[in-house]
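Please prepare a briefing on the structure shown below.

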Amino acid sequence: MLLLGCIKEVSDYELAISLPNGLSGFVPVTQISDAYSQLLTKQVAQGELLEDLNSLPDLYSPGTLVRCIVTSNEKSDDGRRSVKLSIDPKKVNKDLNSAALTPGMLLSGSVSSVEDHGYLIDIGVTGTHAFLPHQKAKNYIKTVTKGLDLKIGQNLDCLIVEVKNEGRVVCVSIDRAEVAASIATERQNWALSNLLPGLVVKARVQKVAPFGMKLTFLSYFTGIVDFMHMDPEKSMSYSPDQVVKACVLSVHPTSRVVRLTLRPRFLRPGGAPRQLCGQRVGAVLEEATVKAFYKQFGAVFELDDGTLAFARLKHLSKTRKSFKPGAFKEGCKHKCRIIDYSLMDEMCVVSLKHQVIEARFLQYQDIHTGDVVQGKVLSLKPIGMQVKVADGIRGLVPSIHLSDVILKQPEKKYSIGDEVKCRVLECNPAGKKLILTLKKSLIQSELPVLSNYEDAKPGLITHGFVVCARDFGCIVKFYKDVKGLVPKNELSSEPISSPDKVFYEGQVLKVMVLKCEPQQERLLLSFRLSSKPGPQDKRKSTPKEKQEVKYQIGEIVDVKVLKKKDNGLEVSILEDEGNVVAWIPKQHLSDFVATSKLLWHCLQEGDVLPRVMYLSDKGEHIILSRKSAVISAVQEEQVVRSFSEIQPGMLLTGYVRNVMPFGVFVEFPFGVTGLAPKVSMSDKFVTDTKDHFVVGQTVIAKVMSTDEEKQRVLLNLKVSECSSGDSAAESFALLNEYFKELKGMRDLLRRGEPSICELVPGKRVHLIVQDVREDGSALFSGSSATGLTVAATRYHLGDKNVAPGEKRKALVLHVDAFTSKVYVSLREELLKQRP
C-alpha cells in the first residue's frame, strides 16, 4: 500500500513517520535507497566512517512529507502494531516504467551520486537514468539546505522537465516554485497501478455523505475524502459537481481505494503540515467541546485554543459497556488529555479515559532524572533488564543496577511480569533512552540528586555508585553520566593500599564534593564526609560565612569582577572591601538581551561595575542585577513585596524566569512570580512561545487575576495592555537607555577592539572591494576596518558594478560589535546626504 507520510522523529537508525488517520510507522535505515544501503554495507565491511555517508539526522528533518510503501505490518508481544515502511524509490515507484514517463510528472527520487554538472537521481524506474542539473537544484539548495550540496540518500520531490530516448534519459527539477505549481493532468497518462500519493489533482465532487465525500479526478478515477481531511473552513459547504483541488493520500493495491485530502497545506507539493500543537502533548484540558460525533469512528473536539482534536471510539470511555452516545452531542464538554499529535491529519489526538488523564507519564519528555517510577519486567538479558514504564515507554536497568550487590543469577530474583520500583538515572527523550536503577540505597536516598556539574558545589553530600576502583582511587558516577574521582588519600581516614580489594563496581556510597570545574567536567570527591575543602577552595567554601553581612533588596553597590563564567560574573562587593562574593547572571547585566551578551564579552577580570542592585539571596550566592528598569521600579516603590499586595490591573516590572510551550513565567523583585498564558503573551498570534521571549528578558506585565488559595498570579504581556498611557514617551525613554548603555561600552570595546569604536553609523569610509558573492552582496577591507567583516547587500551596492581590488566610498549603516561585523552602503543618495 502506498501512503503519503510526514517525518515525525529522526534517529540514527530509523525515521518515525506520521500517517493519515492518526496512524504511525517507521522507515529503517536500510529502506532509504539502494545507493545509501550500499554505503552502509561498505562502512560496515571497512569498519571505519565513510566521508560520503551522512547520518539520517543530517539528511532528514521532522515535518518533511515523504511517499512511503508498507513493507510489513506486525503485531508485537504487548499487542501493539508495528508498521514498517520504505521510501526507497525502487519500491515506491515500482509500477512506473520508462514508456509512462512524461514531462510534468511529479515523483519521488533519491540522490545516488554527485557529478560535476549536477546529480544522478534514482527514481526507481528500470532502464531510466534521471539527471538533476545544478541550475535546477540551485534554488532548493539556497533555501532548504542553506547552501550545502545535496547528499547521497536524500529524498526529493522530482518534477520531470524533459524525457529523451523514449524514457531512457530524463531531466528533472527540484526547484521549489516549479514543484509547488505542479498538478497531475490527464496528459500524463496516470494509471491506477502507478498513481502516486502526494499528487495534486483537480477533482469534482460526486457525492457528499455525513462521514465524507466521493470525488472523481483525472477523468476516470474515483476517490474518498473522509471527515478528517475536509478543509475545516469549508467542511459544511461542499456540494455535488463542485470542482476542488485535492491531494492523493493513499492508494490501496487490492481494494483499489484511493483516499484524498482537501486540507490546504497539502495542496502545494513540497509543503509541510502544521505542527502547532506538537508541544502540547500530555496537557490535560478541563473542557473540550464536541464538534461532531461519528458512531463508528469517534468524536471531533474543539480545544481551548480553537484547534481541532480527534478521539477514537475506544478512547471515549473506559469500556464499551460504559459508553453513552448521548454524552457526545454537539456542544457537550468533556475533560480530556492530549496523547499525540497527528501531523498528517493536523489534529491533536485526545483521550477521555480516566486512567489516561491521571497517568503520570505519556511520553519520554514527562520523565525526569531522579524520578521514582513503577515498571513491569519485560525481559532479562546479559546487559540488564528491560522494563515497561508506560505504553510506548521502555527503560533499561543495566546489570550492575539490578540490586545493591551484583547478582550472578538475576532470573532467580526477578520474573517477567513482575512489578518493580525503579529510579531514573538518565532520560534522553530525543533518543528514547531511559536508564534505570533498582538499587534500594539510591531509590530510598533523600540526599540531593546530582545530575549536572554546575550543581556540584563544594561541601555537597550525596549518594553515588562506584564504577571503577584502581590504585589511584575510585571513579564514582551519579545521575545523567556525571562522574568524579575520589583520590586515594580521600578514600578513608585510614590509609588503603589496595582500593580494588575494598571497593567493588556498583557499590553505593555517600560522597562529598571537594572541588568542581564544570567547564572541564572535572569533579574531585571524598568518602571522608568530615573532610574540609583544601586551601585552593577557600574562596568557594566561604560564601555562606561571608553572606552574614546582610543587604536589603534595592541596595545599590559597586562591584569588582572576580571571574567570568559562561552564565554570568562572579564579583566582590567593594563596599565590604571585597570580602563579600556575589553573582550577576549574564541576563541581569542589562535590560537588553543583546547588550547583556556584548557587555559580558567586553568585561575582564578586575573591571569595576558601578551601581549594581542587590536582588536576592538564593542558596550560597547573593544575586545582583544591573537592569536599569528593575532598579528604577524598586527605587520608585513600584513593586510588590508579597503576594498579598498584588491587585488586578497593576503594572509591574520583572524579568522572564522560564519560557514554556503554554506560556511565560515572570519573576519580580522580592521573589513574587506569575504566569502569562500563551493567549496573553503578545498582540500577535503566538505559534511558538520561544519566538517571542527569552529567559532573563526584562518585561512590563499587567496583573490579570490572582488566586490566593493556590498562590497563583495570571499576567498579561501584550504591549497594547501594558502601557501606562504615553507609549511614545516610554518607547523613546527605552531607546535612549539602550543608546546610553552602548555609549558606555565604547571604552570597554576600545580596549580590545579599537577599530570598531571608530566606526559609527553615518560615517564615510574608504574601502577596497575584497569579494563579490553569488547573491550579489560584496565584502570589503580597509585600514579603518582592520580585523572586521565589512559587507554590503546587493541593494546597498545600488546600480554600481563592483569588482575585487576597486576602491570605493561607503557609508556605515550598522555596527554589530558582538560579531565584529560592519554593514555599509554605496548608494549615492545616502552618500550625498553626508558631508
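How many salt bridges does the count come to? The count comes to 25 salt bridges, a salt bridge being a side-chain nitrogen of Lys or Arg within 4 Å of a carboxyl oxygen of Asp or Glu. The model is predicted, so that local features need pLDDT of at least 70 and side-chain atom pairs count only at pLDDT 80 or more, while totals for chains, interfaces and linings use all residues. Residues are numbered from 1 along each chain as its sequence is written, and side-chain values use heavy atoms, with hydrogens and water left out.

**Salt bridges**

- Glu-517 and Arg-522 form a salt bridge in which the closest N and O atoms are 2.7 Å apart.
- Glu-517 is partly exposed, at a relative accessible area of 24%; buried means under 20% relative accessible area, exposed over 50%, and partly exposed in between (1.4 Å probe, protein chains only).
- A salt bridge also joins Glu-721 to Lys-702, with 3.6 Å between the closest N and O atoms.
- This pair links distant parts of the chain, 19 residues apart: Glu-721 lies in the loop between strand E40 (712-716) and helix H13 (727-744), and Lys-702 lies in strand E39 (residues 698-707).
- Helices (H or I, at least four residues) and strands (E, at least two) are DSSP runs, numbered from the N terminus.
- Glu-721 counts as partly exposed at 35% relative accessibility, and Lys-702 counts as partly exposed at 25%.
- Arg-808 forms a salt bridge with Glu-806, the closest N and O atoms lying 2.9 Å apart.
- Arg-808 is partly exposed at 22% relative accessibility, and Glu-806 is partly exposed with a relative accessible area of 28%.

**Helix H4**

- In helix H4 (residues 134-143), the buried residues are Ala-137, Tyr-140 and Ile-141.
- These residues are on the same side of H4 because they cover an arc of only 100 degrees around the axis, the arc being that of the directions from the helix axis to the C-beta atoms.
- An α-helix has 3.6 residues a turn, so residues three or four places apart point the same way.
- Gln-135, Lys-138 and Lys-142 are exposed on the other side of H4.
- The cover over the buried residues of H4 includes strand E7 (118-122), strand E8 (129-133), strand E9 (155-164) and helix H5 (176-180), where contact means heavy atoms within 4.5 Å.

- Strand E21 (residues 372-381) pairs with strand E24 (residues 419-428) in the antiparallel sense over five bridges; two strands pair if DSSP finds at least two bridges between them.
- Val-373 has Cys-422 in E24 as its bridge partner.
- E24 and strand E25 (residues 433-437) run antiparallel and are joined by five bridges.
- Asn-428 has Lys-433 in E25 as its bridge partner.
- E24 and E25 form a hairpin with four residues between them, and Lys-432 in the turn has a positive phi of about 50 degrees.

**Positive phi in loops**

- Most residues other than glycine have a negative phi.
- Glu-346 is not a glycine, yet has a positive phi of about 50 degrees.
- Glu-346 is placed in the loop between strand E19 (333-342) and strand E20 (347-351), and counts as buried at 6% relative accessibility.
- Lys-480, also a residue other than glycine, has a positive phi near 60 degrees.
- Lys-480 is found in the loop between strand E27 (473-477) and strand E28 (483-487), and is partly exposed with a relative accessible area of 44%.
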